[in-house]
Amino acid sequence: MEEPLKLFARADLLLYQKQYALAEQLLDSLVVTFPRHTLEGPVLYKKAILQLRKKQTDSAIALLEQLMKEHGTGIYGDNALFDLASIYEREKNDQTKALEYYSRFLNEYPGSFFTTEVRKRIRKIRGDTIN
């Protein structure tokens, strides 16, 4: 049980050190070596972050959507949905899709740390004025 966690921590460190190729290799090997492990959701999230850092937004979107589908109730569910909405809002300039994801976020994760920021972004996209 300790081995997968050590590998995940090592991959996270490599990601922090911007050694993307090694981090990706380690994350991929983690999924293959330990299939259906509880770290599968966090691994998908780290892989998505890695893709974002490499400016591969379409790949990141696919990974985040997979995370939402397979591990949406896990610890990274709210992060993944928030990141999806942010990508559509800022990278893809698709305000409609961003608003859809932000609204979904409020329904699925009302107690999340990101809730206040999500509400601000929804108001900004809709063009609401704040008195």
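Which side chain meets Asp128 in a salt bridge? The side chain of Arg126 does, at 2.6 Å from N to O.

## About the model

This is a predicted model, where local features need pLDDT of at least 70, side-chain atom pairs count only at pLDDT 80 or more, and totals for chains, interfaces and linings use all residues. Residues are numbered from 1 along each chain as its sequence is written, and side-chain values use heavy atoms, with hydrogens and water left out.

## Salt bridges overall

Side chains of opposite charge can pair when their charged atoms come close. Here, a salt bridge is a side-chain nitrogen of Lys or Arg within 4 Å of a carboxyl oxygen of Asp or Glu. Searching the whole structure turns up 9 salt bridges. A network of them links Glu89, Glu117 and Arg121.

## Pairs in the helices

Let's start with helix α1 (residues 2-16), which holds both Lys6 and Glu2, 4 residues apart, or about one turn of the helix. Helices are DSSP runs of H or I with at least four residues, numbered from the N terminus. The closest N and O atoms of Lys6 and Glu2 are 3.4 Å apart.

Next, Lys47 forms a salt bridge with Asp28, with 2.8 Å between the closest N and O atoms. Because Lys47 lies in helix α3 (residues 40-53) and Asp28 in helix α2 (residues 20-33), the pair ties together parts that are 19 residues apart in sequence.

## Buried or exposed

Buried means under 20% relative accessible area, exposed over 50%, and partly exposed in between (1.4 Å probe, protein chains only). Lys47 is buried at 18%, while Asp28 is partly exposed at 32%. Lys6 is exposed at 52%, and Glu2 is exposed at 58%. Back at the opening pair, Asp128 is partly exposed at 33% and Arg126 is exposed at 51%.

Methods: Helices (H or I, at least four residues) and strands (E, at least two) are DSSP runs, numbered from the N terminus.
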